[in-house]
Amino acid sequence: MLHQLQQIAFMGFFFLLPGIIGARLAWSKGRNPFLWFLLNTCFPPTLMITIYQGPVRPVEGHYRQCPKCSEYSKWRDSVCRFCQTDLIA
Ligand SMILES: [Zn+2]
């Protein structure tokens with residue numbers, strides 16, 4: 001019984017946790033959280049892709065799009081990290 005519980009905890013830690021983290025990250029980058037939850041749960045190494053990929057659209061509270069070069073910067077940044085254009089006008 002204890003052994004089974006340990007197995008469930010192990011599975012939860014190594015598969016469900018990356019899935020939940022991945023879904024949250026994907027959501028903050030304007031991507032489909034359900035798709036990335038499934039992908040990260042089935043293949044935990046794909047969490048690295050979720051972490052390093054850029055956003056697909058501006059997401060309030062997470063990413064801003066530069067009006068000049070259309071690159072994305074973190075929401076807290078006041079100037080574009082690519083062309084230094086003022087983002088908060
Ligand atoms: Zn820019």
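The model is predicted. Helix H1 spans residues 2-28 and helix H2 spans residues 33-42, and their axes come within 7 Å of each other. The largest nonpolar core has five residues, and H1 and H2 are the elements that give two or more residues to this core.

**Packing of H1 and H2**

- Two packed helices are described by the angle between their axes and the distance between the axes.
- For H1 and H2, the axes cross at roughly 150° and approach within 7 Å.
- H1 is therefore roughly antiparallel to H2, since angles over 145 degrees fall in that class.
- The handedness of the H1 and H2 crossing is right-handed.
- The residues of this contact comprise nine nonpolar, four polar and no charged.
- On the H1 side, the contact is made by Phe15, Leu16, Pro18, Gly19, Gly22, Ala23, Ala26 and Trp27.
- On the H2 side, the partners are Pro33, Trp36, Phe37, Asn40 and Thr41.

- In soluble globular proteins, nonpolar side chains tend to be buried together.
- Here the largest nonpolar core is made of Ala23, Ala26, Trp36, Phe37 and Leu39.
- H2 gives the most to this core, contributing three residues.
- The buried residues in H2 are Trp36, Phe37, Leu39, Asn40 and Thr41.
- The cover over the buried residues of H2 includes H1 and helix H3, which runs over 47-52.
- Trp36, a member of the core, touches Gly22, Ala23, Ala26, Arg31 and Thr50, leaving aside residues up to four places away in sequence.

**Arg31 and the loop between H1 and H2**

- Arg31 sits in the loop between H1 and H2.
- Arg31 counts as partly exposed because it has 19 C-beta neighbours inside 10 Å, whereas a buried residue needs 20 or more.
- Residues touched by Arg31 are Ala26, Trp36 and Val56, again not counting residues up to four places away in sequence.
- Two of these, Ala26 and Trp36, belong to the largest nonpolar core.
- Between Arg31 and Val59, 28 residues apart along the chain, the C-alpha separation is 9.9 Å.
- Arg31 and Gly54 are 23 residues apart in sequence, and their C-alpha atoms are 9.7 Å apart in space.

**Gly54 and the loop between H3 and S1**

- Gly54 belongs to the loop between H3 and S1.
- Gly54 is exposed because 10 other C-beta atoms lie within 10 Å, and the class of exposed residues takes in counts of 12 or fewer.

**Residues with positive phi**

- Ser70 has a phi near 55°, a positive value in a residue other than glycine.
- The location of Ser70 is the loop between strand S1 (63-65) and strand S2 (72-74).
- Ser70 is exposed because there are 10 other C-beta atoms within 10 Å.
- Gln84, which is not a glycine, also has a positive phi, of about 65°.
- The segment after S2 holds Gln84.
- With 11 C-beta neighbours inside 10 Å, Gln84 is therefore classed as exposed.

**Ile88 and the segment after S2**

- Ile88 is likewise placed in the segment after S2.
- Ile88 has 7 C-beta neighbours inside 10 Å and so counts as exposed.
- Ile88 and Arg64 are 24 residues apart in sequence, with 9.4 Å between their C-alpha atoms.

Key: Residues are numbered from 1 along each chain as its sequence is written. This is a predicted model: local features need pLDDT of at least 70, side-chain atom pairs count only at pLDDT 80 or more; totals for chains, interfaces and linings use all residues. Axes are lines fitted to C-alpha atoms, for helices over the stretch in contact, and angles run from 0 to 180 degrees between N-to-C directions. Helices (H or I, at least four residues) and strands (E, at least two) are DSSP runs, numbered from the N terminus. Angles under 35 degrees count as roughly parallel, over 145 as roughly antiparallel, 65 to 115 as roughly perpendicular and the rest as oblique. A crossing is left-handed if the near helix is turned anticlockwise from the far one by less than a right angle, and right-handed if clockwise. Two residues are in contact if their C-beta atoms, placed from the backbone, lie within 7 Å. Ala, Val, Leu, Ile, Met, Phe, Trp, Tyr, Cys and Pro count as nonpolar, Asp, Glu, Lys and Arg as charged, and the others, Gly among them, as polar. A nonpolar core is a set of buried Ala, Val, Leu, Ile, Met, Phe, Trp, Tyr and Cys residues joined through C-beta atoms within 7 Å.
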